[in-house]
Amino acid sequence: MGAGEGRWSEADRAKALAYDAYRSSVCTNCGTRAAEWDEAQGGDRYAFVTTTVRCVGCELISAEQDQVPDGADGYGVRVGLVSRGRWEQHQGQSRKGRGE
């Protein structure tokens with residue numbers, strides 16, 4: 001990272017610190033910044049409106065998550081998505097390993 005011999009220049013450090021400050025000013029849940037809502041900072045209390053979106057991927061994850069057992073049997077279980085092509089490829093490789 002950085003230019004030349006891998007050292008960060010003053011500009012590199014300033015950019016990294018500015019980016020870190022920006023990221024810490026953004027809500028991790030909704031992605032807005034407090035200043036966008038604060039009229040004293042030029043924001044608007046009604047700057048954004050809510051919208052509802054259904055994500056089929058999230059729907060599948062939620063449905064599968066319902067199948068994860070409570071308690072110790074469910075500890076560490078994480079549900080995610082993988083493309084059907086990759087899943088089928090993996091299934092084919094698993095069968096080969098078992099001599100099917």
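This text walks through a predicted model, from its overall shape down to single side chains.

Local features are described where pLDDT is at least 70, side-chain atom pairs count only at pLDDT 80 or more, and totals for chains, interfaces and linings use all residues. Residues are numbered from 1 along each chain as its sequence is written, and side-chain values use heavy atoms, with hydrogens and water left out.

Start with confidence. The score is pLDDT, the predictor's confidence in each residue, from 0 to 100. The chain has a mean pLDDT of 90, and 92% of its residues reach 70 or more. Among the elements, helix α3 (residues 56-65) has the highest mean, 96. Helix α4 (residues 84-97) has the lowest, 85. Where pLDDT is low, the predicted coordinates should not be read in detail.

Now the overall layout. The chain has 4 helices and 0 strands. Both are DSSP runs, numbered from the N terminus: helices are H or I with at least four residues, strands are E with at least two. From the N terminus on, the order is α-α-α-α. The radius of gyration is 23 Å, well over the 13 Å that the globule rule gives for 100 residues, so the chain is more spread out than a compact globule. That radius is taken over C-alpha atoms, and the rule is 2.2 Å times the number of residues to the power 0.38. The C-alpha atoms fill a box of roughly 65 × 50 × 30 Å along the principal axes.

How much of the chain is buried? Buried residues make up 7% of the 100 residues. Buried means under 20% relative accessible area, exposed means over 50%, and partly exposed lies in between (1.4 Å probe, protein chains only). Contacts (heavy atoms within 4.5 Å) give another view. Among those between residues at least 6 apart in sequence, 3% join residues at least 24 apart.

Zoom in on Thr 32. Thr 32 lies in the loop between α1 (10-25) and α2 (34-37). With 10% relative accessibility, Thr 32 counts as buried. Leaving out residues up to four places away in sequence, Thr 32 touches Ser 25, Val 26, Cys 27, Trp 37 and Phe 48.

Two of those neighbours bring us to aromatic rings. Rings of Phe, Tyr and Trp (its six-membered ring) pair if their centres lie within 6.5 Å; planes under 30 degrees apart count as stacked, over 60 as edge-to-face and the rest as tilted. The count is 1 aromatic pair. The rings of Trp 37 and Phe 48 have centres 5.2 Å apart and planes at 45 degrees, so this pair is tilted. Trp 37 lies in helix α2 and Phe 48 in the loop between α2 and α3, so the pair ties together parts 11 residues apart in sequence. Trp 37 is partly exposed at 28%, and Phe 48 is partly exposed at 39%.

Finish with charges. Side chains of opposite charge can pair when their charged atoms come close. A salt bridge is a side-chain nitrogen of Lys or Arg within 4 Å of a carboxyl oxygen of Asp or Glu. The structure holds 2 salt bridges. Arg 13 and Glu 10 form one of them, at 2.5 Å, N to O. These residues are 3 apart in helix α1, about one helical turn. Arg 13 is partly exposed at 35%, while Glu 10 is exposed at 60%. Arg 54 forms a salt bridge with Glu 59, with the closest N and O atoms 3.7 Å apart. Arg 54 is exposed at 67%, whereas Glu 59 is partly exposed at 40%.
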